[in-house]
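Me: I would like to learn how to read contacts, strands and helices in a model. Could we go through one together?

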Amino acid sequence: MIIEILKGNDAKILRHDEKVILALVPNDKLRTTAELLFKAGCYYATGVGVDERLLGVGFSMYHIFNCESEKRYVILKAVASNLKIPSITPVISGANWAEREAMDMIGILFDEHPEPLRLILPDDWPEGIYPLRKEFHYNERPPKVEFKPPKREKKPGIMEVPVGPYHPTLHEPEVFELHVKGEEIVGAVYRGFHVHRGMEKLAEERMTINQIPFLAERICGICGYTHNCAYAQAVEDAAKIEVPERALYIRTILLELERLHSHLLWFGVAFHLLGFDSGFMHTWRIREAFMDLAELLTGNRKTYGMNLIGGVRRDIDEEKKKKVLEIFEKTKKETKEVLDNAVGMKELISRMKGIGILPKKEGREIGVVGPVARASGIDTDVRRDHPYAAYGDLDFKVPVYKEGDVLARFLVRYEETFESFWIIEQALDQLPPGDILNEDYELPEYAVGIGATEAPRGEDVHFVITEGGNKVYRWRPRAPTYNNLPAVPIMLMGEKLADAPIIIASIDPCFSCTDHMVIVDGEKVCRCSLDDYLGRL
Amino acid sequence: MNTIFIAVNLAFALLIAPVVDGFERKIRARLQNRQGPPILQTWWDLIKLFKRPTIEPQDSVKSLYKLAPYVTFTAVLTAYLIVPTLLPSSINFIGDFIVVVYLLGLATLSFVIGAFSSGNAYAQIGSNREVSLFMSEELLLAFIIGTIAVIGKSLSFDQLFPLPLRISSALALILLFLVIYVASARLPFDIAEAEPEIIEGPLIEYSGKHLGLLEYSIFLKRLLLYSLLLNFILPVQNPTRLIGYLIGIMILSVVYSTFEAYYGRFRIDQAVKLMKKLSAVALVVWIIALVGW
Amino acid sequence: MLLIPIGILVIAALVGLSKAKIVLKIVSTLSAIASVTMIYIGILGLRTTLEFKCNLFNSPSLFMSLNWLVFRVDSLSAFFLLILGILSLCASVYGIKYMEKYFEKEDMRVYTFNYPIFLLTMYLVLICWDLLWFIIFWELMSLFSQFLVAFEQSEEKAVKAAFKYFCMTKAGAEFLVLAVVLIILKATNFNANYSEITSILPAYLLAHPGMLYALTFALLIGFGVKAAMVPFHSWLPDAHPEAPSNVSALLSGIMIKLPIYMLLRFFLSFFPLKPEIGIVIAVFGVLTLFFSMMYALLQEDSKRLLAFSSIDNIGYILLPMGAGIYFLANGNQLFGSIALAAVLFHTMNHAFFKGLLFLTAGSVMYETGTRDLNYLGSLAKKMPLTTFAALIGSLAIAGMPPLNGFVSKWMIYISTLSSPATSLFGIIAIFISAVTLGAFVKYFTAIFTKPAVKEIDAKEVPVLMSAPQLLLALLCIAFGIYPFIPLKMISQALGSIGVPLASLVVYPSLVVPKTGSYSPIVIFAFLLVSTLIALLLIPSRGSVVSTWKTGRSEDLNASMSADAYYRDFREAFNEVYVLGDASKGFVQKVAKIGKMFGTKFEVLSYDLDSMLSLAMILIVILVAVLGGVSL
């Protein structure tokens with residue numbers, strides 16, 4: 001069906017296999033195609049701007065759609081003519097950030113974009129310098145320009161409460177600005193991208209294809225391994241590398257272990273934000289066992305460093321297997337006890353029930369992923385829809401709740417936690433014999449690959465264009481929080497200020513994942529102005 | 001004699017209030033599977049704060065902002081002239097139940113005005129919550145005062161300590177126990193301060209000596225309320241009173257901090273509604289007291 | 001002696017008819033002088049009874065009582081005179097500068113003529129010693145105060161408020177007329193002299209309980225409307241804010257206390273003491289303080305908030321009055337006298353702190369031109385003296401020790417809480433006292449400390465305006481720390497209506513035997529000394545840094561809007577507002593029906609026959625009532 005839509009719109013199919021359809025769409029048909037895809041049930045995953053001038057193409061934009069019904073990713077490629085590409089944001093609001101990012105980084109202009117404002121670059125970044133163009137080098141320091149935040153009109157009756165960049169709720173520097181009437185939130189503005197580390201540029205210019213996994217793992221301090229996997233899968237997809245089955249199982253085990261500790265961490269944070277510090281302490285105590293497990297299996301408590309293209313670096317032997325199951329027996333019981341206790345606490349539940357509601361329709365349009373989507377009745381899970389690693393062979397449930405409130409997100413994570421135990425047990429049980437690393441591969445030139453994993457926070461998409469040799473031409477990781485964050489202002493609207501922290505936390509935001517993209521002068525915290533946003537409120 | 005007793009009681013309160021908090025911190029830590037700080041840690045914290053300089057925010061009303069912590073502190077301290085702690089005080093005419101309640105009200109008021117004067121958005125929201133909670137908690141407290149006054153036919157402490165053994169007095173003291181829990185700004189009622197939500201609300205701009213004074217006055221207020229509750233129970237002129245008092249403080253600390261460890265924070269509307277419901281219960285208790293049970 | 005203020009004020013009013021600019025100063029000065037003489041008369045009156053009699057005419061008519069104009073100042077009226085004098089002195093001095101800003105906008109003669117007349121009528125109400133004369137002065141007072149409310153004639157709101165005020169107080173006054181006519185026709189044989197009534201009426205009413213309740217009903221409505229007792233209060237929140245602030249101070253501070261004065265006279269000296277009457281009054285008091293304060297929390301207009309709080313304080317006065325009557329009737333001399341002492345003490349306190357607060361609201365208006373609590377903010381840096389005065393006023397009205405408000409509230413609680421019948425009243429009063437604290441935290445912080453939405457251009461008010469505020473603030477502090485002076489005056493005042501005040505004072509404490517004690521001096525001294533010691537030991541010195549906005553540097557709107565205060569509290573107590581609004585709706589419906597009847601009547605009046613028959617019916621009813629067909 002999708003292929004018909006594409007063909008019906010004069011698209012040129014560049015790649016068509018069971019995982020990915022890549023099609024070059026003419027600019028005048030781009031918006032209709034995107035709209036038709038969206039209506040066909042494909043939601044917008046992300047968009048990647050690429051400087052393809054070295055390939056003789058010019059600037060291009062890859063819109064990536066996740067088509068669950070066909071278990072495929074569909075990539076629409078559009079090439080800028082005269083730097084211009086029609087914007088698809090008017091029909092798919094989820095494309096807003098991706099297009100603005102391409103605008104900032106590559107300098108593509110999107111026709112009819114509803115809010116063509118800076119997203120990532122700080123306000124004192126000079127005009128006309130685009131960091132992800134090939135002529136910009138990773139160690140360049142552009143001159144700062146003078147920036148004065150314009151004076152804003154204060155509206156009587158509406159208090160502007162700053163949340164961030166430094167706020168105990170936020171464990172990373174981000175800016176929310178809540179407009180409150182009394183304690184009721186009547187407006188919310190988000191401004192992020194304060195922690196730019198320039199990873200993409202660094203990977204393109206400085207790193208080899210087998211070094212990037214270690215960089216990718218450092219995108220996030222909690223769910224790093226899932227980024228690592230997604231990257232490896234993207235390259236393996238591009239180069240059609242066969243990964244040994246045992247390695248896939250080991251990846252699965254580690255991914256689920258990561259989900260376990262990440263969810264427990266989230267429970268702790270949520271309890272802390274709700275003032276239930278005992279729960280916080282106890283979940284983190286239990287989490288400690290998983291950190292030890294990770295150390296046992298990989299040598300590291302965090303940032304496992306296990307992946308290479310084509311497999312993993314360490315094997316799991318019988319002794320480790322036994323140990324894991326042993327520890328699981330205990331932790332499973334403890335986890336159940338603590339979480340069930342919490343679920344039984346009326347006060348705690350009443351703080352989560354019915355607040356921060358994200359309706360399904362809005363969620364779909366924004367393209368929320370992971371537990372946030374599943375809590376709003378959107379039945380999506382990369383593990384099931386686009387089976388990777390060993391998930392295709394394993395049995396697990398995908399919890400879906402219709403309520404869309406914070407409690408639903410809590411319960412989705414609650415159920416997932418126990419699913420993860422189950423998945424690891426299965427994987428350990430079925431662990432096939434064999435090699436763990438396939439080093440026998442050739443990297444093709446300029447092949448497009450896509451790798452997606454279900455991170456604890458949702459779908460994690462990595463897009464890679466190889467450069468041949470041992471380099472990548474373009475690598476674009478898209479963390480789940482990137483898609484979930486735009487939903488937060490919707491959730492906050494009309495809620496009490498007291499609930500803002502738990503609502504923000506309910507998407508399990510990982511700001512540094514989202515902010516990894518670009519080099520900014522490292523010493524200076526960017527000043528950001530919200531005025532343009534405010535004008536529209 | 002009387003003056004000496006009061007002086008001893010004051011000194012005791014000033015010394016012990018932070019220790020009680022240290023003790024509670026220890027208990028909470030044990031319940032949360034932590035080692036916990038030493039019992040004197042609260043004292044060390046206070047001493048450290050008293051050594052630090054203070055900071056005045058630019059948008060604040062300086063005089064009010066600076067004076068408020070002192071008034072808060074002394075208002076609580078003044079209440080110790082009336083409520084005996086370690087030693088039972090003989091009849092003095094400094095004040096009665098009403099005066100104590102109003103002195104605590106004065107402490108809240110000056111705390112809130114100081115916070116409002118800081119010019120910080122969070123401080124205003126926090127103080128707003130503080131006053132909302134204060135008003136609703138006062139409804140419950142008013143019923144308790146009324147009940148106790150009806151039981152004891154008096155508002156003067158020398159008539160009220162200890163309360164006669166009746167059903168209504170037991171119920172009134174249980175309610176007083178709850179009010180004290182609410183008034184001592186603990187979880188789930190630390191709504192005004194709520195660190196993860198509004199960053200300690202009214203305290204947000206206070207630092208150094210000011211912060212030290214405000215925290216000190218919170219500890220003093222807790223001990224005062226503990227003493228008030230215990231005085232209603234303990235016999236006045238009895239050598240066992242001293243031991244009973246000290247054990248009572250320990251028991252209250254343990255019970256309160258256990259409560260605290262097992263609750264999440266209320267939202268302000270939930271807390272106010274709870275206070276309203278409890279007030280309805282208090283009305284029933286008051287009626288029971290009227291009936292004479 | 002008693003005629004001096006009358007003379008001065010009449011001269012002032014005559015001068016006030018001129019249009020010259022200097023007139024304002026002359027009139028204000030003359031009023032101030034008259035006020036000083038009133039204070040003097042008050043002080044004299046507390047010592048001895050002053051009297052003035054003059055035969056106006058000799059008519060043998062129905063109302064022969066009017067032949068003699070009798071002025072008499074006993075301790076009770078002296079006490080009220082003292083309050084009137086102090087407050088009108090402050091208001092007059094304050095008016096010199098304050099009223100200047102109306103020069104361009106309004107016809108100043110409305111003020112300069114009516115203001116002294118208004119003072120004069122209040123003075124006359126207090127000193128007259130005859131019920132019929134009282135009715136006349138009373139009506140005049142309502143009339144002239146109404147002109148002052150409508151001072152800003154360019155504002156439609158003010159004119160409407162004045163009209164509402166006039167209609168309601170007029171309607172209330174009819175009940176008074178009815179009551180007075182009943183008294184002099186039935187009981188006292190056309191004699192309206194207070195002394196005569198005191199000697200005749202109680203015995204008569206004891207024999208005719210039906211009459212007693214009818215009179216109580218009429219008086220409660222009649223005076224209740226004027227005192228803005230819930231449910232007859234609706235004129236006050238409209239009228240008081242619209243008047244110029246110094247007039248608002250007088251309206252709230254003393255005029256709505258005159259019904260209290262008369263109620264005391266009626267229920268304590270003219271009527272026999274009945275416990276049920278006491279309870280009824282106390283219930284009205286509780287309703288008044290409860291609903292008005294809950295509504296005060298909602299207000300976003302500084303003077304409207306103060307107006308609602310005035311109603312609340314009427315509740316705080318009616319409550320102990322009722323309780324006092326109840327106790328006295330039941331023979332509990334101790335609590336009865338304390339409750340009644342609380343009535344007088346709170347009357348005085350309220351006059352001082354509410355006058356003070358209205359003056360501060362006026363100063364803020366004078367400088368900023370607005371009463372909108374949403375817009376105001378951070379005036380403390382610009383108007384330090386006014387801020388100090390407003391802080392003292394707010395603390396006092398919230399009943400914070402060691403200020404004067406606490407003493408009277410303490411007396412209310414002490415007398416009511418421990419007796420089963422009145423305990424609930426005391427409980428609600430304590431709760432509402434906390435709500436008062438909330439409302440005045442709102443008033444004070446919204447105007448003076450919270451950051452303003454926009455920079456407000458203001459400076460400290462001139463001395464002539466700040467001095468009266470500081471004087472009142474000083475009185476609030478002084479009478480709080482040393483309440484023994486007012487208590488002495490109160491015991492004399494109560495003595496004159498036959499209530500001996502049980503000895504309350506055991507120096508340096510106020511002690512009610514076996515019930516409670518409060519030592520303002522010790523508490524004040526300890527607060528002061530320990531604060532000073534704390535300041536010495538832990539001195540507060542530090543550097544100024546920018547306010548912390550979680551790391552943001554922009555200028556954010558950190559100003560909490562007025563309706564944001566205590567939202568959750570108000571939502572939790574929503575039933576109160578639902579009930580209040582429902583009864584408001586009901587009253588409006590009644591008013592509408594009344595209007596309908598009015599228009600019907602107008603139609604009728606074109607038809608001579610029906611008009612005559614209607615008049616007949618009315619006359620029959622009147623005759624029936626006056627003749628006592630069945631009462």
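This is a predicted model: local features need pLDDT of at least 70, side-chain atom pairs count only at pLDDT 80 or more; totals for chains, interfaces and linings use all residues.

Me: How many residues does each side give to the contact of chain C with chain B?

Reply: Two residues are in contact if their C-beta atoms, placed from the backbone, lie within 7 Å. Here 64 residues come from chain C and 69 residues from chain B. Helix 17 of chain C gives the most on the chain C side, with 15 residues. Helices (H or I, at least four residues) and strands (E, at least two) are DSSP runs, numbered from the N terminus.

Me: What classes of residue make up the chain C side?

Reply: Ala, Val, Leu, Ile, Met, Phe, Trp, Tyr, Cys and Pro count as nonpolar, Asp, Glu, Lys and Arg as charged, and the others, Gly among them, as polar. The side of chain C that touches chain B has 39 nonpolar, 19 polar and six charged residues.

Me: Which strands of chains B and C are joined by bridges?

Reply: Two strands pair if DSSP finds at least two bridges between them. Strand 1 (residues 54–57) of chain B and strand 6 of chain C run parallel, joined by four bridges. One pairing to look for is P57(B) with V545(C).

Me: Where are the domains of chain A?

Reply: Domain bounds come from an automatic or database domain assignment, which gives domain 1 (2–111) and domain 2 (209–469) in chain A. Their C-alpha centres lie 28 Å apart. In the contact, 20 residues of domain 1 meet 16 residues of domain 2, and strand 3 of chain A gives the most on the domain 1 side, with six residues.

Me: Is helix 13 of chain C largely enclosed or in the open?

Reply: A residue is buried if 20 or more other C-beta atoms lie within 10 Å of its own, exposed if 12 or fewer, and partly exposed in between, with C-beta atoms placed from the backbone. In helix 13 of chain C, 27 of the 28 residues are buried, so the helix is largely enclosed by the rest of the structure. By contrast, strand 1 (residues 50–55) of chain C has zero of its six residues buried, so that strand lies largely in the open.

Terms used. Residues are numbered from 1 along each chain as its sequence is written. Chains are lettered from A and ligands numbered from 1 in the order in which they are written.
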